[in-house]
Amino acid sequence: MPTSIFSTSEEYLPAARRELTDIWGKRASVERLGPDVGALTVPDASLRDVSELCRTRPVTFVKHLTAEIDRVPFDEARDLDAVTRRALAALPRDLPPGPLAVQAWVSGQNPADYGSAQLFRGLADALEKQGFEAVRSGAPAVLSACITRAGVLLGIGNPTDSLSDWPGGRVRLSRSPDTISRAEFKLEEAIKVFGLDLPRAGVAADLGASPGGWTRILRTHGLKVWAVDPGDIDPRLLADPGVHHARTTAGNFFASNRTRFDVVVNDMKMDPRLTCDTMLTAAQRLRPGGTVVVTLKLAHGNVVEVVHKCLARLRKKYEILHARQLHHNRHEVTVVARLR
């Protein structure tokens with residue numbers, strides 16, 4: 001019976017379980033394998049079937065998927081060579097030699113004497129002896145290896161069905177000298193993971209812009225930006241003729257500004273229902289087919305119901321393209337939508 005290993009955030013694994021069982025009901029078996037890793041078993045549901053529903057339903061709390069090919073129990077997984085032998089034996093027979101991505105990570109506290117870097121190297125060396133070119137990403141097939149307290153989980157997939165071409169969906173971004181705030185990573189990750197193609201000659205509104213991290217990212221993609229926030233904007237952005245600082249609230253801005261926007265982004269800290277109301281107002285100023293990127297801030301309670309109600313509200317004006325909790329969204333869900 002096909003089993004898909006899924007990664008999520010530790011705090012939101014129950015939410016991921018709820019979303020998955022809402023789809024398949026009693027046909028689905030969901031097993032927790034680590035603090036932020038689980039296994040979904042559904043009769044006749046391949047990794048592609050699960051991935052398609054995660055993207056289109058959408059399932060917002062699953063970050064990464066792989067099709068399970070083996071579980072190496074911990075007593076055996078103490079020996080790294082034993083893990084590599086099991087991985088080679090479990091690879092699909094029809095997998096052609098060539099580039100193969102190897103992605104290794106740890107779920108929770110590492111019980112092994114080796115870490116993810118050593119696991120990657122051991123698997124890569126073994127694969128290269130078999131004629132594969134072991135890489136970290138960008139290959140048509142991905143071998144996943146996750147260390148848990150119970151042993152090592154092995155899976156196979158491809159970047160599309162995996163939802164993310166990063167180990168366990170953990171996108172690693174680093175600060176640069178130009179970085180204004182760590183909030184930039186959230187928009188950068190959304191662009192990378194969802195493959196967003198922003199219009200390079202367009203005009204964007206960044207709602208709740210202060211201190212300007214998302215504005216900076218939009219400028220690197222060639223967009224002219226209205227940075228909307230009563231607070232201060234980084235002086236480097238104020239010196240940029242492609243940035244206009246509107247020192248006001250989003251509501252007042254849309255009431256007085258008649259600019260037509262290609263993109264509107266919103267990372268404001270507010271109740272998600274109010275965020276949706278703001279984005280419905282923003283729809284009036286978007287060009288046809290315009291794109292929005294918005295984060296829904298989560299609180300305690302039934303987060304699945306809150307998110308799904310927000311998506312239903314946004315669908316009044318938008319087509320939902322993506323909705324997922326990303327690695328840099330600790331208590332948020334990122335939504336990408338297009339004006340209908």
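Is phenylalanine 61 buried or exposed? At 0% relative accessibility, phenylalanine 61 counts as buried. The legends below describe close-up views of a predicted model.

**View 1. Phenylalanine 61 and its surroundings.** Phenylalanine 61 sits in the loop between H2 and E4. Its relative accessibility is 0%, so this residue counts as buried. Neighbours within four places in sequence are left aside in this view. Beyond them, phenylalanine 61 contacts Ser7, Thr8, Tyr12, Ala15, Ala16 and Glu19, among others. Leu298, Val303, Val304, Val307, Gln325 and Val333 also belong to its contacts. Alanine 183 lies 122 residues away along the chain, and the two C-alpha atoms are separated by 20 Å.

**View 2. The eight-stranded open sheet.** The strand order is E2-E3-E1-E4-E8-E7-E5-E6. Pairing in this sheet is mixed. Strand E2 (29–34) and strand E6 (133–135) are the edge strands, and each pairs on one side only. On average, neighbouring strands are turned by 35° against each other, direction ignored.

**View 3. The pairing of E7 and E8.** Strand E7 covers residues 142–148, and strand E8 covers residues 151–157. The two pair in the antiparallel sense. Seven bridges join them. Within this pairing, alanine 145 stands opposite leucine 154 in E8.

View 4. Helix H2 spans residues 47–56. H2 lies across E1, E3, strand E4 (64–73) and E8. Relative to E4, H2 runs at about 140°.

**View 5. The salt bridge between glutamate 31 and arginine 71.** A search of the whole structure finds 24 salt bridges. One of them joins glutamate 31 to arginine 71. Their closest N and O atoms are 3.4 Å apart. Glutamate 31 lies in strand E2 and arginine 71 in strand E4, so the pair ties together parts 40 residues apart in sequence. Glutamate 31 counts as partly exposed, at 38% relative accessibility. Arginine 71 also counts as partly exposed, at 30%.

**View 6. The salt bridge between lysine 186 and aspartate 267.** The side chains of lysine 186 and aspartate 267 meet at 2.9 Å, N to O. Lysine 186 belongs to helix H6 (residues 184–194). Aspartate 267 is in the loop between strand E12 (261–266) and helix H10 (272–282). The pair therefore ties together parts that are 81 residues apart in sequence. Lysine 186 counts as buried, at 10% relative accessibility. Aspartate 267 counts as buried too, at 12%. A network of salt bridges links Lys186, Asp267, Lys297 and Glu332.

**View 7. The salt bridge between arginine 219 and aspartate 240.** Arginine 219 and aspartate 240 form a salt bridge, with the closest N and O atoms 2.8 Å apart. Arginine 219 lies in helix H7 (residues 213–220). Aspartate 240 is in the loop between helix H8 (235–238) and strand E11 (243–246). The contact therefore ties together parts that are 21 residues apart in sequence. Arginine 219 is partly exposed, with a relative accessible area of 24%. Aspartate 240 is buried, with a relative accessible area of 18%.

Conventions:
Residues are numbered from 1 along each chain as its sequence is written. This is a predicted model: local features need pLDDT of at least 70, side-chain atom pairs count only at pLDDT 80 or more; totals for chains, interfaces and linings use all residues. Side-chain values use heavy atoms; hydrogens and water are left out. Two strands pair if DSSP finds at least two bridges between them. Helices (H or I, at least four residues) and strands (E, at least two) are DSSP runs, numbered from the N terminus. Axes are lines fitted to C-alpha atoms, for helices over the stretch in contact, and angles run from 0 to 180 degrees between N-to-C directions. Contact means heavy atoms within 4.5 Å. A salt bridge is a side-chain nitrogen of Lys or Arg within 4 Å of a carboxyl oxygen of Asp or Glu. Buried means under 20% relative accessible area, exposed over 50%, partly exposed in between (1.4 Å probe, protein chains only).
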